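Welcome! Let's take a friendly walk through a protein fold, one piece at a time. Keep the picture open while you read.

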Amino acid sequence: MTPPTTTEAITRAANVRLMIFDVDGILTDGSLHFGAEGEVIKTFNVLDGHGIKLLQQSGVATAIISARQSPIVLRRATDLGIHHVFQGIHDKRAAYEQLLAQTHVAADACGFIGDDVIDLPILSRVGFAASVPNAHPEVRSRVHYVTQAGGGRGAARELCDFILRAQGNYEAALAPYLS
């Protein structure tokens, strides 16, 4: 597959009305830390969170589809105002189709960022597919945009800023902080 041009990625990002995020490897660095009681501890990046809020404020809806089940993911989603959260999902395509039915957003107006082969069923169906530099090679070769930042290290913020710029909303998103 020929890598897409930046122009193609910008054009596709300009059409995004619903941005869907994987969690492990995207909103986190993919590491799983276990506490003494066996609980999983995840670390989220505040820059990513603020980028998601800016994206929402510009009118882009957000969602999470994750193969793992974790109460902390629901907590983070609630903190960020992400209302569509699918966890413990191993058939991500089915969750994606359910999300489309719930939101009435067309597939070509959806974006998704994932990092492993379990994400390919969604990445191959959305209008704008993205990933991170350390994603599986099969994923990186099939997306429209690869962030420079790694998962849990600002990748989601970089992606949100990219979408905001593509949609002509970046300056407006920053305006409240510059006055």
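What you are looking at is a predicted model.

**Strand β4 and its partners**

- Is strand β4 (residues 61-65) largely enclosed or left open? Four of its five residues are buried, so the rest of the structure largely encloses β4.
- On one pairing, β4 joins strand β1 (residues 18-21) in the parallel sense, over four bridges.
- To find this pairing in the picture, look for Met19, which stands opposite Thr62 in β4.
- β4 also runs parallel to strand β5 (residues 84-86), and three bridges join the two.
- Here you can look for Ala63, whose bridge partner in β5 is His84.
- Follow the chain through β4, helix α3 (residues 71-80) and β5, and you trace a right-handed β-α-β unit.

**Strands β6 and β7**

- Strand β6 (residues 110-113) and strand β7 (residues 128-131) run parallel, joined by three bridges.
- Which residue of β7 is the bridge partner of Gly111? That partner is Phe128.

**Helix α1 against helix α7**

- Helix α1 (residues 6-14) packs against helix α7 (residues 155-166) at an angle of about 85°, and their axes are 8 Å apart.
- Because of that angle, α1 is roughly perpendicular to α7.
- From α1, the residues Ala9, Ile10, Ala13 and Ala14 meet Phe162, Ile163 and Ala166 of α7.
- Sorted by class, this contact between α1 and α7 has seven nonpolar residues, no polar ones and no charged ones.

**Helix α2 against helix α3**

- Helix α2 (residues 46-57) and α3 pack at about 50°, with 10 Å between their axes.
- That angle makes α2 oblique to α3.
- Val46, Gly49, Ile52, Lys53 and Gln56 are the residues of α2 that meet Arg76, Asp79 and Leu80 of α3.
- What classes of residue make up the contact of α2 with α3? There are three nonpolar, two polar and three charged residues.

- Is Thr28 buried or exposed? Its relative accessible area is 1%, so Thr28 counts as buried.
- Setting aside neighbours within four places in sequence, Thr28 is in contact with Val23, Lys42, Thr43, Phe44, Gly151 and Gly152.
- With a relative accessibility of 61%, Gly168 counts as exposed.
- Gly168 and Ser58 are 110 residues apart in sequence, and their C-alpha atoms are 9.9 Å apart in space.

Note on methods:
Residues numbered from 1 in each chain as written. Predicted model: local features only at pLDDT ≥ 70, side-chain atom pairs only at ≥ 80, totals over all residues. Heavy atoms only, no water. Buried < 20%, exposed > 50% of the residue type's maximum accessible area, 1.4 Å probe, protein only. Pairing = 2+ DSSP bridges. Right-handed = clockwise from strand over helix to strand, strands pointing away. Axes fitted to C-alpha atoms, helices over the stretch in contact; angles between N-to-C directions. Parallel < 35°, antiparallel > 145°, perpendicular 65-115°, else oblique. Contact = heavy atoms within 4.5 Å. Nonpolar A, V, L, I, M, F, W, Y, C, P; charged D, E, K, R; others polar.
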